[in-house]
Amino acid sequence: MSEDIHERQRPVVLEAINAVADRIESEQDHLTELDSAIGDADHGANLTRGFSSVREELEEIEDEPIDAIVKEVGTTLISNVGGASGPLYGGTLLTASQELTDGITAESSVAFAEAYLAKVKDRGDATVGDKTMVDTLTPAVHTYKKSIEEDELPPLTALAKAVDAAERGVEYTVPLKAMKGRASFLGWRSVGHQDPGATSTLYILEELLAVAETHLEGETAVEAVAENVSETDESADDAEATDAEQR
């Protein structure tokens, strides 16, 4: 794919990054409140610090190819977000950015989403039902992939359906008992609380959709049917991810 694609898409990618940084900063107190119930009460502050640093780096990378920009965002998050969140939010971008060497297309965006989900699950050793960001990402990625590859929907419509599925994923975390991270130490006391990582992941997806709506054409008034993801489905996805890495 020509350099022209990167030239056209670069301003949109930078706009999306800034939008995510703004959203995380505006939701800092809410994310901290959620994390104070089942974690270290630092999720909002950590992510805000990370994305503030990302914003400061944008001038240095604004002329780079799309994949290099995304990779640098990941590197900056790793360096500036404390605890386990750095690798989860930043390290995953380092891996997934490799799917964007030819710019952003329907196909590369699906590959990016799948690579991101696979790496989050690997780094966090988490599956659906553990009360983590995986509970938001999994239905979102599965919905996006199906919408693009099977239903042949426009990317904007597919992204809107993915965000709807992510919203349901966040709600799904509330009655769960936490099985990973700091929240798992609370046992049954974690039940009834919304997972902060799942919530911040939803915010990121919502901002990506908001920016996409200003640059792409397509229907966005959609509602996804976010079915529970079976372990069989997850195993198949893991196998596909492994095959992709081996290739």
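1. The secondary structure of this protein consists of 10 helices and 0 strands. Along the sequence the pattern reads α-α-α-α-α-α-α-α-α-α. Helices are DSSP runs of H or I with at least four residues, strands are runs of E with at least two, and both are numbered from the N terminus.

2. The model is predicted: local features need pLDDT of at least 70, side-chain atom pairs count only at pLDDT 80 or more, and totals for chains, interfaces and linings use all residues. Residues are numbered from 1 along each chain as its sequence is written, and side-chain values use heavy atoms, with hydrogens and water left out.

3. The protein has 247 residues, and 48% of them count as buried. Buried means under 20% relative accessible area, exposed means over 50%, and partly exposed lies in between (1.4 Å probe, protein chains only).

4. Among contacts in the protein with a separation of 6 or more, 70% are between residues 24 or more positions apart. A contact means heavy atoms within 4.5 Å.

5. Helix H6 covers residues 106–124, which is 19 residues. From its first C-alpha to its last, H6 reaches 27 Å, close to the 27 Å expected at 1.5 Å a residue. The expected span is 1.5 Å times one less than the number of residues. The buried residues of H6 include Ala106, Val110, Tyr116, Leu117 and Lys119. Asp125 follows H6 and has a positive phi, near 50°.

6. The structure holds 11 salt bridges. A salt bridge is a side-chain nitrogen of Lys or Arg within 4 Å of a carboxyl oxygen of Asp or Glu. Side chains of opposite charge can pair when their charged atoms come close.

7. One of the salt bridges joins Glu7 and Arg10, with the closest N and O atoms 3.1 Å apart. Both residues are in helix H1 (residues 3–26), and because they are 3 residues apart, about one helical turn separates them. Glu7 is partly exposed at 44% relative accessibility, whereas Arg10 is buried at 5%.

8. Which residue meets Arg23 in a salt bridge? The partner is Glu207, at 2.9 Å from N to O. Arg23 lies in H1 and Glu207 in helix H9 (residues 196–213), so the pair ties together parts that are 184 residues apart in sequence. Arg23 is buried, with a relative accessible area of 17%, and Glu207 is buried at 16%. Arg23, Glu27, Glu206 and Glu207 are linked in a network of salt bridges.

9. Arg168 and Asp164 also form a salt bridge, at 2.9 Å from N to O. The two residues lie in helix H8 (residues 155–173), 4 residues apart, about one turn of the helix. Arg168 is partly exposed at 31%, while Asp164 is buried at 13%.

10. The largest pocket is lined by 40 residues, and Ile104, Ser109, Phe112, Leu159 and Leu208 lie nearest its centre. On a 1 Å grid over the protein atoms alone, a pocket is an open set of points with protein on both sides within 12 Å along at least five of seven lines, and lining residues have an atom within 4 Å of a point. H1 gives the most to this lining, with 8 residues. Helices H4 (66–80), H5 (85–96) and H7 (134–149) are among those that each supply at least two lining residues.

Methods: 1 Å grid on protein atoms, 1.4 Å probe; cavity = no way out; pocket = protein on both sides within 12 Å on 5 of 7 lines; lining within 4 Å.
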